[in-house]
Amino acid sequence: MSDDGERQRAREPEDLSRFFAERANTGDVEGLVALYEPDAVLALPNGDVAAGAQAIRDAYQALLAGRPAFNNGYQAPALVNGEFALTSTVLPGGATAELARRQPDGTWLWVIDRPNILAPT
């Protein structure tokens, strides 16, 4: 996909995790950034936080440079309360937790993302 207008948008909160795996596996950094609100925050493995689109872009450029493979894991149904939804996925060796917000057009974007809620062993 060449620009944001051509990418599928999340009609349901659960779409975000599926889109993440698809886009990460193709190395689509801009597609990953498009899953977040412009001022979203992403927890990083070293304990730092990437705040905002450029910091999230930088984090994913670094992550995808090694061409890791991602799978969909087990995605729990989203817990929705009004305009917010808690999404989570169980992956081998970890689990994720994200807060998504319904956008004015009815689609969903993440605002907070903690890719690994389990402490490192």
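The model is predicted, so local features need pLDDT of at least 70 and side-chain atom pairs count only at pLDDT 80 or more, while totals for chains, interfaces and linings use all residues. Residues are numbered from 1 along each chain as its sequence is written, and side-chain values use heavy atoms, with hydrogens and water left out.

Thr89 belongs to strand 5 (residues 84-91). Helices (H or I, at least four residues) and strands (E, at least two) are DSSP runs, numbered from the N terminus. With a relative accessible area of 4%, Thr89 is buried; buried means under 20% relative accessible area, exposed over 50%, and partly exposed in between (1.4 Å probe, protein chains only). Leaving out residues up to four places away in sequence, Thr89 touches Ser17, Asn72, Gly73, Tyr74, Gln75, Gly94, Ala95 and Thr96, where contact means heavy atoms within 4.5 Å.

Next comes the core. A nonpolar core is a set of buried Ala, Val, Leu, Ile, Met, Phe, Trp, Tyr and Cys residues joined through side-chain atoms within 4.5 Å. The largest one has 22 residues, of which Leu35, Tyr36, Ile56 and Tyr60 touch the most other members. At least two residues of this core come from each of helix 1 (15-25), helix 2 (29-33), strand 1 (36-43), helix 3 (53-64) and strand 7. Leu35 is in contact with Leu16, Phe19, Phe20, Arg23, Leu109 and Trp110, not counting residues up to four places away in sequence.

Which residues of helix 3 are buried? They are Ile56, Arg57, Ala59, Tyr60 and Leu64. These residues lie on the same side of helix 3 because they cover an arc of only 165° around the axis, the arc being that of the directions from the helix axis to the C-beta atoms. Their cover includes helix 1, helix 2, strand 1, strand 2 (49-51) and strand 7.

Strand 1 has pairing partners on record here too; two strands pair if DSSP finds at least two bridges between them. Strand 1 pairs with strand 7 in the parallel sense over 3 bridges, and Tyr36 stands opposite Trp110 in strand 7. With strand 2, strand 1 pairs in the antiparallel sense, over 3 bridges, and Ala43 has Val49 as its bridge partner in strand 2. The hairpin of strand 1 and strand 2 has 5 residues between the strands, and there Gly47 takes a positive phi near 95°.

Two loop residues complete the tour. Gln103 sits in the loop between strand 6 (94-102) and strand 7 (108-114), and Gln103 counts as buried because its relative accessibility is 15%. Its side chain makes a polar contact of 2.8 Å with the side chain of Glu37 and reaches the backbone oxygen of Arg101 at 2.9 Å. Gly27 is found in the loop between helix 1 and helix 2. At 29% relative accessibility, Gly27 counts as partly exposed. Leu64 and Arg67 are touched by Gly27, leaving aside residues up to four places away in sequence.

Technical notes. Polar contact = N/O pair within 3.5 Å; in protein donor to acceptor, adjacent residues only side chain to side chain.
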